[in-house]
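Please read it alongside the sequence and the structure.

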Amino acid sequence: MMKLIEDRLDAAYTVHRLYDPASRAALEQALPNIRAVATGGGTGLSSEWMEKLPSLGVIAINGVGTDKVDLKLARSRNIDVTTTPGVLTDDVADLGIALLLAVLRHVVKGDSFVRDGKWGTDPFPLGHSPKGKRVGILGLGQIGKAFGRRAEAFGMDVRYWNRSPITDVAWKSCASPLALAEDSDILVLAIAATAATENIVNAGILKALGQTGVLVNIARGSVVDEDALLAALNDGTIAGAGLDVFVNEPKIREEFFTAPNTVLMPHQASATVETRIAMGELVLANIAAHFAGEKPPTTVN
């Protein structure tokens with residue numbers, strides 16, 4: 001988390017940092033007394049660690065992903081699991097748009113083209129305009145809706161698929177993820193990562209997206225079958241992809257480094273100074289509520 005958030009944690013609590021080897025001995029002694037855990041969405045807290053912490057009452061996630069925490073186990077132990085909803089919505093949607101434009105307009109390729117001294121000597125490919133494109137949003141939560149509003153500002157035609165009914169938008173609802181891919185030029189993934197959504201984007205979905213289609217993933221790596229995605233990128237099944245998340249990140253598959261028409265980001269969707277401060281404030285508020293004997297404000301389980 002941001003240093004100023006970490007400093008406030010240290011000022012208010014006795015903090016043991018699992019990632020710091022120098023803290024291991026003190027941490028082991030403190031295990032019976034630890035009441036709160038602050039963690040990230042990509043790290044979470046394993047069930048094994050939960051069992052080591054008999055006094056644990058809150059797991060405060062600095063993010064919105066809960067796929068790395070067993071929510072039912074936590075509830076059975078009367079442990080509140082909290083996230084930082086809302087405050088990161090706009091930045092994540094912004095990065096989704098940035099990835100989309102970077103792929104359509106060859107932004108990364110253009111940067112290398114200029115730096116390599118090829119401008120004026122070699123041809124550079126034409127890009128594609130987002131205007132008039134059909135954008136399908138897989139998962140219409142807060143982030144999906146924010147992306148849709150931004151896409152409309154670029155003149156795009158929005159449609160979506162969501163696991164539960166949505167009543168507060170006028171966009172076209174598709175009957176299935178496959179139907180959404182068939183009806184989209186760009187497929188944007190904003191769906192929560194759960195056991196039910198693992199590999200929801202498979203070879204069939206990518207084939208339906210088609211040879212001119214672009215995939216943008218601002219959700220989690222696990223919602224995509226990466227074998228199918230790499231094959232689709234390399235054999236031209238789809239035109240390109242903008243990816244912020246991957247399976248086993250940060251140690252992602254090296255095949256992505258050479259995949260054509262692909263823009264890669266190191267899971268940075270919420271990574272702005274402003275948003276990370278706001279997220280940290282929510283983490284602090286949730287932990288403070290627990291120690292005050294109150295229900296943390298953004299408990300999800």
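This is a predicted model: local features need pLDDT of at least 70, side-chain atom pairs count only at pLDDT 80 or more; totals for chains, interfaces and linings use all residues.

Helices (H or I, at least four residues) and strands (E, at least two) are DSSP runs, numbered from the N terminus. Residues are numbered from 1 along each chain as its sequence is written, and side-chain values use heavy atoms, with hydrogens and water left out.

**Nonpolar cores**

- A nonpolar core is here a set of buried Ala, Val, Leu, Ile, Met, Phe, Trp, Tyr and Cys residues joined through side-chain atoms within 4.5 Å, where buried means under 20% relative accessible area, exposed means over 50%, and partly exposed lies in between (1.4 Å probe, protein chains only).
- The largest nonpolar core has 31 residues, and those with the most contacts inside it are Val 135, Phe 147, Ile 186 and Val 216.
- Two or more residues of this core are given by each of helix H5 (89-104), strand E4 (134-138), helix H7 (142-153), strand E5 (157-161), strand E7 (186-189) and strand E8 (214-217), and H5 supplies the largest share, 9 residues.
- Apart from this core lies another, of 30 residues, which includes Leu 229, Leu 230, Ala 232 and Phe 246.
- With contact taken as heavy atoms within 4.5 Å, and leaving aside neighbours within four places in sequence, Val 135 touches Phe 147, Ala 151, Met 156, Asp 157, Val 158, Arg 159, Ser 184, Ile 186 and Val 188.

**Helix packing**

- Two packed helices are described by the angle between their axes and the distance between the axes; the axes are lines fitted to C-alpha atoms, for helices over the stretch in contact, and the angles run from 0 to 180 degrees between N-to-C directions.
- Angles under 35 degrees count as roughly parallel, over 145 as roughly antiparallel, 65 to 115 as roughly perpendicular and the rest as oblique.
- Helix H1 (residues 3-12) and helix H11 (residues 273-291) pack at an angle of about 15°, with their axes 9 Å apart, and H1 and H11 are therefore roughly parallel to each other.
- On the H1 side the contact is made by Leu 4, Ile 5, Arg 8 and Leu 9, and on the H11 side by Ile 277, Gly 280, Glu 281, Leu 284 and Ile 287.
- The residues of the contact of H1 with H11 divide into 6 nonpolar, 1 polar and 2 charged, where Ala, Val, Leu, Ile, Met, Phe, Trp, Tyr, Cys and Pro count as nonpolar, Asp, Glu, Lys and Arg as charged, and the others, Gly among them, as polar.
- H5 and H7 pack at an angle of about 50°, with their axes 8 Å apart, and H5 and H7 are therefore oblique to each other.
- For this second pair, H5 contributes Thr 89, Asp 90, Val 92, Ala 93, Asp 94, Gly 96, Ile 97 and Leu 100, while H7 contributes Gln 142, Ile 143, Ala 146, Phe 147, Arg 150 and Ala 151, and the residues of the contact of H5 with H7 divide into 8 nonpolar, 3 polar and 3 charged.

**Individual residues**

- Leu 101 counts as partly exposed at 23% relative accessibility, and, leaving aside its neighbours within four places in sequence, Leu 101 is in contact with His 106, Val 107, Pro 130 and Phe 154.
- The C-alpha atoms of Leu 101 and Val 87, which are 14 residues apart along the chain, are separated by 23 Å.
- His 290, found in helix H11, counts as buried at 15% relative accessibility, and its contacts, setting aside neighbours within four places in sequence, are with Arg 35, Gly 57, Val 58 and Pro 296.
- Ala 196 lies in the loop between E7 and helix H9 (203-209) and is exposed, with a relative accessible area of 67%.

**Backbone details**

- Most residues other than glycine have a negative phi, and most peptide bonds are trans.
- Asn 199, in the loop between E7 and H9, has a positive phi of about 55° although it is not a glycine, and Asn 199 is partly exposed, with a relative accessible area of 33%.
- Asn 248, in the loop between E9 and E10, has a positive phi near 60°, and Asn 248 is exposed, with a relative accessible area of 61%.
- The peptide bond from Glu 249 to Pro 250 is cis, with omega near 5°, and Pro 250 is found in the loop between strand E9 (240-243) and strand E10 (262-264).
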